Amino acid sequence: MLVLGIETSCDESAASLLEISSSGKFQVLSEAVSSQIDLHAAYGGVVPELAAREHMRNVPLVLRQVLTQAHKDVSEIELIAVTSGPGLKGCLLVGVDFARGLSLRLGCPLLGVNHLEGHLWAWKIPSALGEAGSMELAAENFLCLLVSGGHTELVQVAGLGKYQVCARTVDDAAGEAFDKSAALLEIAYPGGAQLAAMADALPLESSRSTELRRLLPRVMRDTEGFSFSGLKTAVGLLIDRHRQQYSVSELAWAIQSAIVDSLVLKLEREIERSGIRRVVVSGGVAANRSLRAAISKVPGVSLSAAHPRHCTDNASMIALVGAARYQMWGGSDLAGVRARWPLEHMFSGSCRKE
Ligand code: KG4
Ligand code: ZN
């Protein structure tokens, strides 16, 4: 079965073609992401109206790109999976309307997929095109640290559709903490990945790293859930006071280690509480090397993470979840777009429940 995935929830227009075999395996035949970073950089953040307009232009282009790459004709598509929430409403509408039109023309089923559920399962996608992956999502049990630009959540997963959110952020997401800190360091939007690259490239003696570690508080020790607004204030003060004393790379290192330590602290507590040692890290911030290294050092933990290009927004994760849901429960399911769509509202059997 040939499955098309479409993703337009924020500032990336993405398409992907998955081939599903009757033996429960799948492979990504082709995938494309058209990023709008350059467009929004001038504004220091995503401008929803501009993003939606760009999606209108880019969705047909990424579709053509994946069809050409996979040597497929549009008429061969047998199922369409499209992100229908959560995200920017105008952006979601562009992807959903396009997918709806295409499914009507092709007479094929259409499924609305939860973007967060896509991130949750992205680690199942093989890193290389054409490599076989398993569609068996029903029996997986793990603890997922979902860290993206819009969300920071710790989720207990007991199979497809069976999610219990143990903690979520009460203010900024981890990706925002990276991006806002980067902006304070005058790194161009969205500076998270660049801040991380500067920190990672820093040759550091251990005495210096001990000193840098002390510059910022380890936030959220005594709170329920995640919170990064206190860290943002502390980063602002640190930069104001110590800009002369430390290089930008050293400040980036101090910020990265504070964010990573805070995330790992919460994760460790949940591992202890739940007894679950199988950990998945997903979402854009899961591309962070220092975070992955810190989690894999937690005693007894077995860590799985997606390839960095499947950590950030992509359509293969949407196609995979759509195909898995279709195989298990069938049917067309698209109940309009949802700017908010918490994972607890998903359940096995349908994605319609509000
Ligand atoms: O999952 P994603 O692509 O989009 C959302 O659904 O939000 O996540 C994007 C976020 C941005 O905040 C970006 O700065 C951050 O992920 N990010 C990183 C890294 N790569 C992307 N943050 C830290 N280190 C990285 N290597
Ligand atoms: Zn995302």
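**Close-up 1. His115 meets ligand 1 in this predicted model.** A polar side-chain atom of His115 sits 3.3 Å from an oxygen atom of ligand 1. On its own, ligand 1 has 560 Å² of accessible area, and the protein covers 85% of that.

**Close-up 2. Now for the surroundings of ligand 1.** Ligand 1 takes up the space of the largest pocket. Which elements give two or more residues to the shell around it? They are α4 (115-121), α5 (174-184) and α6 (192-200). In total, 19 residues surround the ligand, and Gly149, Asp179, Gly284, Asn288 and Asp313 are the closest.

**Close-up 3. Here are two cis peptide bonds, one ending at Pro86 and one at Pro190.** Gly85 and Pro86 are joined with omega at about -20 degrees, and Pro86 is in the loop between β4 (79-85) and α3 (89-106). From Tyr189 to Pro190, omega is near -15 degrees. Look for Pro190 in the loop between α5 and α6.

**Close-up 4. His71 has a positive phi.** Its phi is near 55 degrees, and this is a residue other than glycine. You'll find His71 in the loop between α2 (48-70) and β4.

**Close-up 5. Take care with residues 350-354, where pLDDT stays under 50.** The model has 17 contacts beyond four places in sequence for this stretch. For the protein chain, mean pLDDT is 93, with 97% of residues reaching 70 or more.

How values were computed:
Residues numbered from 1 in each chain as written. Chains lettered and ligands numbered in written order. Predicted model: local features only at pLDDT ≥ 70, side-chain atom pairs only at ≥ 80, totals over all residues. Heavy atoms only, no water. pLDDT = per-residue confidence, 0-100. Contact = heavy atoms within 4.5 Å. Near = heavy atom within 4 Å. Polar contact = N/O pair within 3.5 Å; in protein donor to acceptor, adjacent residues only side chain to side chain. Areas by Shrake-Rupley, 256 points an atom, 1.4 Å probe, with all protein chains shown as cover. 1 Å grid on protein atoms, 1.4 Å probe; cavity = no way out; pocket = protein on both sides within 12 Å on 5 of 7 lines; lining within 4 Å. Sits in = over half its atoms within 2 Å of the grid points. Helix = DSSP H or I, 4+ residues; strand = E, 2+ residues; numbered from the N terminus.
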